[in-house]
Protein chains: 2
Amino acid sequence: MANRALKYYFDLLSQPSRALYILLEQTKIPYEKCPVALRKFENRTTEFAESVNRFGKVPCIIHGDFKLAETIAIFRYLSREFQFDDRWYPTERSTRARVDEYLEWQHANIRAQCAQFFLYTWMTPLLGMEVDPKKVDRLRSNMVDCLDLFEREWLNGGKQPFVGGRELSFADVVAACEIEQPKLAGFDPRAGRPQLAAWMERVRAATNPHYDQAHKMLYKFTPKEIETPKVE
Amino acid sequence: MANRALKYYFDLLSQPSRALYILLEQTKIPYEKCPVALRKFENRTTEFAESVNRFGKVPCIIHGDFKLAETIAIFRYLSREFQFDDRWYPTERSTRARVDEYLEWQHANIRAQCAQFFLYTWMTPLLGMEVDPKKVDRLRSNMVDCLDLFEREWLNGGKQPFVGGRELSFADVVAACEIEQPKLAGFDPRAGRPQLAAWMERVRAATNPHYDQAHKMLYKFTPKEIETPKVE
């Protein structure tokens, strides 16, 4: 079995890295932690591309000698290889389809909008470049529209407790980890969105202590005016 | 069974609409064609949002009374409900994971880059707005890098006949339909990429006559300097 060990490559400052970390911890799948420091560009080396992930990104896995990238593809692979509890990927036909729908929809919506705002607003000054306030406004506006849409359609304005319906699934974990990210850039997605705020708290409560473990660094680097949980 | 009829909402000028059309035709799943004219904004009406797809997009389906959006989620749903031939979604564990990996990777890569170039270059003049040549150059450059990456990594520089490996799968259909799109805006993705050109021809040959049926309008509107098949 040694050659079928599962290695997980991740950085907890990456949104989808946190989502898979929470899944792995919650499902108790045995795995080896392989942290990759994005801030040191450890994912950009030739060595990493050749021996870990040809696309130079995290998260990714190596299972035995099989390399796999892409969070949602890894989630599906783990669901088949380790047959974890159905709660993460419900078997009821319409609920499973709704979870699938979110996992595809999010790429060009919640993921794209929250990540673009975060990357531009947070990274540009770090790279010593000047921030264009008009671009920040445009990116923030797109993100705001998308968060409003999420609250309205995916949480049905609060009438639906989780993305897939009545129960938590991996779709909620993916969504929450993305929506946490703009806090780093001084934007609180919960402000003015009570239903979204209540849902985030439900996701956190349902997946703790692993949710807070995954977000410990994010909480630490979030500007003080945005409230975050105290984590040791 | 009448209440479990499958209705397919699509426009063949939409890349993923073509991909699902080809799948439905090839698998002989019984369905009702519900064309939606994007050029007439038929997808933007309140009626469409309320009775068909809350996100106002195509493709989407209604199966019985169950509404579902998102191409890849629809593909997965159809694979479970209709249990079509394994070739579209291979069951071998590593091949299935590789197909899944492509279907997730493409969102922020082939889909995003080809669609952004197409939309800006083709739609801007139609909307009576001025095209910024610098923006066209930047979008083209991003698309070119992505197509090169696709040829190098997903076709293994031509050593791998299809995206998932030795056989065609739905991943190839999704990829080819996206890569056809920039032809409309005068960009031939095959030029200078013999391996990609050969792969596109393999995908077309393996899925005809439905590939050409799906692309008939695209061929018609492609500028004359880019060669397209003659289709009646």
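Helices (H or I, at least four residues) and strands (E, at least two) are DSSP runs, numbered from the N terminus. This is a predicted model, where local features need pLDDT of at least 70, side-chain atom pairs count only at pLDDT 80 or more, and totals for chains, interfaces and linings use all residues. Residues are numbered from 1 along each chain as its sequence is written, while chains are lettered from A and ligands numbered from 1 in the order in which they are written.

Figure 1. Pro209(B) sits in the loop that runs between helix H8 (194-207) and helix H9 (210-221) of chain B. Its peptide bond from Asn208(B) is cis, with omega near 10°. For context, most residues other than glycine have a negative phi, and most peptide bonds are trans.

**Figure 2. Another cis proline, this time in chain A.** Here a cis peptide bond links Val58(A) to Pro59(A), and omega is about 0°. Look for Pro59(A) in the loop between helix H2 (46-51) and strand E3 (60-63) of chain A. Pro59(A) also turns up among the residues that Ile74(A) touches.

**Figure 3. Two loop residues with positive phi.** Phe41(A) isn't a glycine, yet its phi is positive, at about 55°. Phe41(A) belongs to the loop between strand E2 (32-35) and H2 of chain A. A residue is buried if 20 or more other C-beta atoms (placed from the backbone) lie within 10 Å of its own, exposed if 12 or fewer, and partly exposed in between. Phe41(A) has 11 C-beta neighbours inside 10 Å, so it counts as exposed. Over in chain B, Gln83(B) is also not a glycine and has a positive phi of about 40°. Gln83(B) is part of the loop between H3 and H4 of chain B, and with 9 C-beta neighbours inside 10 Å it counts as exposed.

**Figure 4. Ile61(B) and its surroundings.** Ile61(B) is part of strand E3 (residues 60-63) of chain B. Because 25 C-beta neighbours fall inside 10 Å, Ile61(B) counts as buried. Two residues are in contact if their C-beta atoms, placed from the backbone, lie within 7 Å. Setting aside neighbours within four places in sequence, the contacts of Ile61(B) are Leu6(B), Lys7(B), Tyr8(B), Tyr9(B), Leu68(B) and Ile74(B). One of these, Tyr8(B), is 53 residues away from Ile61(B) along the chain, but their C-alpha atoms are separated by 4.7 Å.

**Figure 5. The nonpolar cores.** A nonpolar core is a set of buried Ala, Val, Leu, Ile, Met, Phe, Trp, Tyr and Cys residues joined through C-beta atoms within 7 Å. The largest one has 58 residues, and those touching the most other members are Leu20(A), Leu23(A), Leu68(A), Ile74(A), Ala171(A), Val173(A) and Val174(A). H7(A) supplies the largest share of this core, 8 residues. Not counting residues up to four places away in sequence, Ile74(A) touches Leu20(A), Pro59(A), Ile61(A) and Leu68(A). Another core, of 57 residues, lies apart from that one, and its members include Leu23(B), Leu24(B), Ile72(B) and Cys146(B).

**Figure 6. The buried face of H9 in chain A.** Tyr211(A), Ala214(A) and His215(A) are buried in helix H9 (residues 210-221) of chain A. Down the axis of H9(A), the buried residues fall within an arc of 90°, so they line one face of the helix; the arc is that of the directions from the helix axis to the C-beta atoms. They pack against helix H1 (15-27), helix H7 (170-180) and helix H8 (194-207) of chain A.

**Figure 7. Where chain B meets chain A.** Chain B can be laid on chain A by a turn of 180° and a shift of 0.0 Å along the axis, with an RMSD of 0.0 Å; copies are superposed by least squares on the C-alpha atoms of residues with pLDDT of at least 70 in both. The two copies are thus related as by a two-fold rotation axis. In chain B, His107(B) has the C-alpha nearest the axis, 3.2 Å from it.
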